[in-house]
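This report describes a two-chain structure. It should be read alongside the sequence and coordinates shown below.

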Amino acid sequence: MREHEKNFLANEREHDQTMETPFLLEVKGLTKHFGGLAAVQKVSFEIRRGEIVSLIGPNGAGKTTIFNLISGVYGPDSGDILLDRQSLIGQRPFEVCQKGIGRTFQIMQPFPHMTVLENVVTSGLFGRVPKISMRQAEEEARELCQLVGLGDRQGAFPRNLTVADQKRIEIARALAVKPKLLLLDEVMSGLTPIETGEAIKLVLGLRDHGATIFLIEHVMKVVMGISDRVVVLHHGEKIAEGTTTEVANDSRVIEAYLGERIDEREEASC
Amino acid sequence: MAAAILMIFYPKLVDSYFLHLTVATFLAMIMASSWDILARTGQVSVGQAGLFGIGAYTAALLFQKAHLHPVLGMLAGAVLAMIVAAGLGYLTLRLRGIYFSITTIAFAEALSVIWLMTPRVTGGAMGVSTPPLFGGNREQAYYLILMILALVIFTVWFIESSRLNFAFTAIRENEEVANVMGINPTRYKVLAFMISAFFTGFAGGFYSHYNTYIIPYEVFGLGISIACLVMPIFGGLYTIAGPIIGTILVKAIEEYLRVTFSYGHQIAYGLILVVVVLFMPEGLLGLWKRRILPLWGGVRP
């Protein structure tokens, strides 16, 4: 009887739209094949509001594929992705964006014939729901350029900027859609130590402003330093999930990274 | 302002032959600018003749069979071309790059074949003739085409200064990224194609009445499709002035060659395309900005 009552209450909760779930993003049994290759296999995890979660794994583990599945670039073979309890399956990339997911690309892809400011304005003009005016989009884009450290390069063209600055454009563009969830694909790789430090400060600052961040990262020092939780992929499967300490001591994770302990490996490469 | 006044009194200042050349040039400007509107989304149409022909035949047949006023016929042709572009675009603008271009060529050719095969409805290879527009009054024809040209230029200006410019440019530069940033690429490409088709269709309708005689081989022909893209490429893409300047020069060269040799315009198109592709990828405007302006101490970009 009691058990029954509990279930009933749980169901009631499920249907109560005003109730906030702790989870902003829920990924359930996500699977994607490319030809015969299983790029992502039955991967499940959740991200809570306000968290910084890292997705790590060796090259080819399926990290970017998961980003592409979440942002609607690919459709999954099976599984579900829920943002605020609403399924994103079948939504095209621009619809996913308008529902509140902003993302950056691993290989920087600014629009080459637009200035830095225009790049950011474009994203704000079309990624926001409800729509905002051109004037407001420009004002917000200027603020974002300041925020990411491109304040004095708003009129420059992307090809004249450093790798670090091009990554800043990517971040500003993703932020311009006022995302509930920010997907950052290796925004720290290829940066100098000083630039990496600035980028970390930026990401932590965004979190303090209430952003929820899901990032793919190779630089272990960064992952260990800023993540609330870490999800580890290997050959398309999730092999571990937990706090940074839990993950760093997980035997399967250590095995996946060729027998080195993660912190040692990082020191060795420094 | 001075230019506007000049345009209004222009017919009083030139002879009939020159007025005719001007009308033909304005018509070509409309087609060039319309092609450029679509090109702003990164789509290369090689089948504008299909839309031009739809406009031409709609206007001519509506006059012949229903005695509709020529200007209303032109509008009907423009609207029909726009509707056809919406359907064709919805199906084919999902394809990327060259596939859309190939489809547009096939589209224009297919229409030409359909016309030849249905002579009872369309006049077939014999074509359709209509009485001269405005009873042969070239001045009135001039003012009509001037108005439409002004409307096209206003439309391009509006696109450039609105959010459409951001959407079109983003799609042209990287469709996948534009999509992830909240832009629905198919929607904006279809919209651009429809705007382009409306004015190209109107141009076709005007041509049929102004020329008094149309045949499928010509109005659906590759020559018109090529003309639509040579002029903006020559002048400079994605600008208001580029297609206009390109058209003036192409038409001038074409007329000179036509008088000197026959089939002159075909030589002109071929030569211009080769020269532009090889030596001035940004067209005349680009050449002006990069080579000529610096001679006066301008800054090289």
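How many residues of chain A are in contact with chain B, and how many of chain B with chain A? In this predicted model, 22 residues of chain A are in contact with 14 residues of chain B. On the side of chain A that touches chain B, the helices α3 (93–98) and α4 (116–127) each supply at least two residues. The largest share, six residues, comes from α4(A). By residue class, that side of chain A divides into 13 nonpolar, seven polar and two charged residues.

**Sheets of chain A**

One sheet of chain A is open and has six strands in the order β6-β7-β8-β3-β9-β10, with mixed pairing. The edges are taken by β6 (101–103) and β10 (237–242) of chain A; each has a single partner strand, so one side of each is left without a neighbour in the sheet. From one strand to the next, the twist averages 20 degrees. Within this sheet, strand β9 (residues 229–234) of chain A pairs with β10(A) in the antiparallel sense over five bridges.

Another open sheet of chain A has four strands, in the order β2-β1-β4-β5, with antiparallel pairing. Its edge strands are β2 and β5 (86–87) of chain A, each of which pairs on one side only. Strand β1 (residues 23–34) and strand β2 (residues 37–48) of chain A run antiparallel and are joined by eight bridges. These two strands form a hairpin with two residues between them. In the turn, G35(A) has a positive phi of about 60 degrees. β1(A) also pairs with strand β4 (residues 78–83) of chain A, in the antiparallel sense and over five bridges.

| Residue | Bridge partner | Strand of the partner |
|---|---|---|
| V230(A) | G242(A) | β10(A) |
| V27(A) | F45(A) | β2(A) |
| T31(A) | S78(A) | β4(A) |
| L25(A) | L83(A) | β4(A) |

**A helix on both sheets**

Which strands does helix α2 (residues 63–70) of chain A lie across? In the six-stranded sheet, α2(A) lies across β3 (52–56), β6, β7 (181–185), β8 (212–216) and β9 of chain A. The helix runs at about 145 degrees to β7(A). In the four-stranded sheet, α2(A) touches β1, β2 and β4 of chain A. There, its direction makes about 65 degrees with that of β2(A).

The secondary structure of chain B comes to 15 helices and two strands. The radius of gyration of chain B is 19 Å, close to the 19 Å that the globule rule gives for 301 residues, so chain B is as compact as a globular protein of that length. Its C-alpha trace spans about 55 × 45 × 35 Å along the principal axes. Of the 301 residues in chain B, 48% are buried. Among the contacts in chain B with a separation of 6 or more, 75% are between residues 24 or more positions apart.

The largest nonpolar core holds 166 residues, of which A172(A), L27(B), I30(B), A81(B) and I145(B) touch the most other members. Helix α10 (residues 185–211) of chain B gives the most to this core, with 14 residues. Leaving aside neighbours within four places in sequence, L27(B) is in contact with I145(B), A203(B), F206(B) and Y207(B).

Notes: Residues numbered from 1 in each chain as written. Chains lettered and ligands numbered in written order. Predicted model: local features only at pLDDT ≥ 70, side-chain atom pairs only at ≥ 80, totals over all residues. Contact = placed C-beta atoms within 7 Å. Nonpolar A, V, L, I, M, F, W, Y, C, P; charged D, E, K, R; others polar. Core = buried A, V, L, I, M, F, W, Y, C linked by C-beta atoms within 7 Å. Buried ≥ 20, exposed ≤ 12 C-beta atoms within 10 Å, placed from the backbone. Rg over C-alpha atoms; globule rule 2.2 N^0.38 Å. Pairing = 2+ DSSP bridges. Axes fitted to C-alpha atoms, helices over the stretch in contact; angles between N-to-C directions.
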